[in-house]
Amino acid sequence: MSAVYDCRTPAGREEGLAAAANTVRAGGLVVLPTDTVYGIGADAFDATAVHALLAAKGRGPDMPVPVLVGSWSTVDGLVMSVPQQARALIEAFWPGGLSLVLPQAPSLNWDLGNTRGTVNLRMPLHPVALDLLREVGPMAVSSANRTGQPPASTVAEAREQLGDSVQVYLDGGPSGEPVASTIIDLTQGWPRVLREGAVSLSEVSEVLGEDVEADR
């Protein structure tokens, strides 16, 4: 049976974060608020938990799960290298609505789906999400909805779709207008836009000092 914790109160937040951290460490699933939409998350290094996450969403490994981190420095241990363009974007937009696709470190023992040796990384701008990530480390997190259904902007919407497949729900209140993150692929030596979202391409272009276009 799943449990819901109101993280808008100090006591509910403390209790909820403790329950969520224990659940993640035990291989369970957690719904958490982020700065874009609510996410369903698991320990990024627990392949069984990640497979359970995909099953809860009704999704296969052909759509790999992104990874959320709680600090800039975490990235260095997850990727082969952090190019200057990536560092510039991280400094400008993290925590926030920008995801970066980079070559993953070959030594990592994880299974996020058919990633073709890459990883999609983001640091969310939400205090509850950051507290949990800093407690448990990198988490595989996807939008908290069944595939094909609208993303959840409240815990109630997430719970309606995911039910008891998730053990802990952290309620941070409505997420506001559900806007997905912008995704920039930096694995090709130049910035490739996979999705335009919360961060505009003009903002990305300004930081990189070059025009970045969605149809490039």
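View 1. Helix α2 itself spans residues 47–57; helices here are DSSP runs (H or I, at least four residues), strands are runs of E of at least two, and both are numbered from the N terminus. Everything in these views belongs to a predicted model, in which local features need pLDDT of at least 70 and side-chain atom pairs count only at pLDDT 80 or more, while totals for chains, interfaces and linings use all residues. Residues are numbered from 1 along each chain as its sequence is written, and side-chain values use heavy atoms, with hydrogens and water left out. At the start of α2, look for Asp46: one of its side-chain oxygens comes to within 3.1 Å of the backbone nitrogen of Thr48.

**View 2. The two faces of α2.** Which residues of α2 are buried? They are Ala49, Val50, Leu53, Leu54, Ala56 and Lys57 (buried means under 20% relative accessible area, exposed over 50%, partly exposed in between, with a 1.4 Å probe and protein chains only). Down the axis of α2, these buried residues fall within an arc of 160°, so they line one face of the helix; the arc is taken from the directions from the helix axis to the C-beta atoms. Thr48 and Ala55 are exposed on the face turned away from the buried side. The buried residues pack against β3 (39–43), β7 (139–143) and α5 (155–162).

**View 3. The largest nonpolar core.** This core has 50 residues, and Trp94, Leu121 and Val204 are among those with the most contacts inside it. A nonpolar core is a set of buried Ala, Val, Leu, Ile, Met, Phe, Trp, Tyr and Cys residues joined through side-chain atoms within 4.5 Å. Helix α2 gives the largest share, five residues. Another core, of 18 residues, lies apart from it and includes Ala20 and Val128.

View 4. Thr23 sits in helix α1 (residues 10–25) and, at 14% relative accessibility, counts as buried. Beyond its neighbours within four places in sequence, Thr23 contacts Gly28, Leu29, Val30, Gln167 and Val168. Asn120 belongs to strand β6 and is buried too, at 17% relative accessibility. With neighbours within four places again left aside, the contacts of Asn120 include Pro66, Ser99 and Ile183.

Notes
Contact means heavy atoms within 4.5 Å. A polar contact is a pair of N or O atoms within 3.5 Å; within protein, one must be able to donate a hydrogen and the other to accept it, and residues adjacent in sequence count only if both atoms are side-chain atoms.
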